[in-house]
Amino acid sequence: MAFDLEEQEQIAELKQFWKQYGTLIVTLAVAALLAFAGTQGWRYYKNSQSGQASALFVKFGEALRKNDVKEVRALGKQVMDGYASTAYGPATALLLAKTNYENGDPAGAAEQLQWVIDKAKDLETAEVARLRLASIRLDEKNYDDALKLLEAKHGAAMETLYADLRGDVLVAQGKVAEARAAYKLAIEKSVPNSTYRRVVQYKLCGAGATT
């Protein structure tokens, strides 16, 4: 299917939206934890390991807000090294991976995302990390590893995002028919009339689908 210049510009904008959507997922995944760390977390756990991790996580969050990359990396490493067994470890690693990726260190980001997959005690956090790592593998043209990550078991809430990214990988491999099936699944599982559904519909059209 051929696109005119305006359509090509729209698709470029939608691709950028996908990258931004991944950031939103990570932000939502840790927002509640940030709030907890900044208020009740310190009050209730100030004398325990969780309390120490909480205080350090607050500092980490402040460094993120200031976009102090050096401090983010230093504090992130401290949390990951010292408090891996707490919920703060995986949450910190997700955000540190985002910082590293956005600042030209995809290899470092990949290491942190794999760390989350290995360490996270809740499935949702591991699923977010797996999705982001698959996106990096796609950027690297490591398609087999990307698909392996996306084929791992995941919850229904993540099905749209996993299917969408699987479609992107399959397009990159030249497997257009399989990509269309993945995009159709992503649309089926997405929220009706949402911006994200329109993103995937553009991709489906770009893969040659007529409906």
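Throughout this note, two residues are in contact when their heavy atoms lie within 4.5 Å. Please keep in mind that the model is a predicted one. Here are some points to follow along with the structure.

1. **A threonine to begin with.** Leaving aside residues up to four places away in sequence, Thr 160 touches Ala 186, Lys 189, Ser 190 and Tyr 196. Is Thr 160 buried or exposed? Its relative accessible area is 10%, and the cut-off for buried is under 20%, so Thr 160 counts as buried.

2. **The overall build.** Of the 211 residues in the chain, 44% are buried. The chain exposes about 11,500 Å², and carbon and sulfur atoms supply 52% of that area. If you take the contacts between residues at least 6 apart in sequence, 52% of them join residues at least 24 apart.

3. Helix H3 covers residues 69-82, which is 14 residues. From first C-alpha to last it reaches 20 Å, close to the 20 Å expected at 1.5 Å a residue. Which residues of H3 are buried? They are Val 69, Val 72, Leu 75, Gly 76, Val 79 and Met 80. These cover an arc of only 135° around the axis, which puts them on the same side of H3. On the face turned away from that buried side you will find the exposed residues Lys 70, Lys 77 and Asp 81.

4. **Helix H5 and its neighbours.** Helix H5 (residues 106-119) also has 14 residues, which should span 20 Å at 1.5 Å a residue; the end C-alpha atoms of H5 are 20 Å apart, which agrees. Buried in H5 are Gly 108, Ala 109, Ala 110, Gln 112, Leu 113, Trp 115, Val 116 and Ile 117. What do these buried residues pack against? Their partners are H3, H4, H6 and helix H7 (143-150).

5. **The nonpolar core.** In soluble globular proteins, nonpolar side chains tend to be buried together. Here the largest nonpolar core has 53 residues. Those with the most contacts inside it are Phe 60, Leu 113, Val 116, Leu 131, Leu 150 and Val 169. Helix H6 (residues 123-139) gives this core its largest share, eight residues. Leu 113 is a handy one to click on: not counting residues up to four places away in sequence, it touches Leu 94, Ala 97, Ala 129, Arg 132, Leu 133 and Ile 136.

6. **The aromatic rings.** How many aromatic pairs does a search of the whole structure find? It finds two. In one of them, the rings of Phe 57 and Tyr 88 have centres 5.3 Å apart and planes at 55°, so the pair is tilted. Phe 57 sits in helix H2 (residues 49-66) and Tyr 88 in helix H4 (residues 88-102), so the pair ties together parts that are 31 residues apart in sequence. Both partners are under cover: Phe 57 is buried with a relative accessible area of 0%, and Tyr 88 is buried with 5%. Phe 57, Phe 60 and Tyr 88 form one aromatic cluster, and Phe 60 is also among the residues with the most contacts inside the largest nonpolar core.

Conventions:
Residues are numbered from 1 along each chain as its sequence is written. This is a predicted model: local features need pLDDT of at least 70, side-chain atom pairs count only at pLDDT 80 or more; totals for chains, interfaces and linings use all residues. Side-chain values use heavy atoms; hydrogens and water are left out. Buried means under 20% relative accessible area, exposed over 50%, partly exposed in between (1.4 Å probe, protein chains only). Accessible areas come from the Shrake-Rupley method with a 1.4 Å probe; for residues, only the protein chains shown count as cover. Helices (H or I, at least four residues) and strands (E, at least two) are DSSP runs, numbered from the N terminus. The expected span of a helix is 1.5 Å times one less than its number of residues. The arc is that of the directions from the helix axis to the C-beta atoms. A nonpolar core is a set of buried Ala, Val, Leu, Ile, Met, Phe, Trp, Tyr and Cys residues joined through side-chain atoms within 4.5 Å. Rings of Phe, Tyr and Trp (its six-membered ring) pair if their centres lie within 6.5 Å; planes under 30 degrees apart count as stacked, over 60 as edge-to-face and the rest as tilted.
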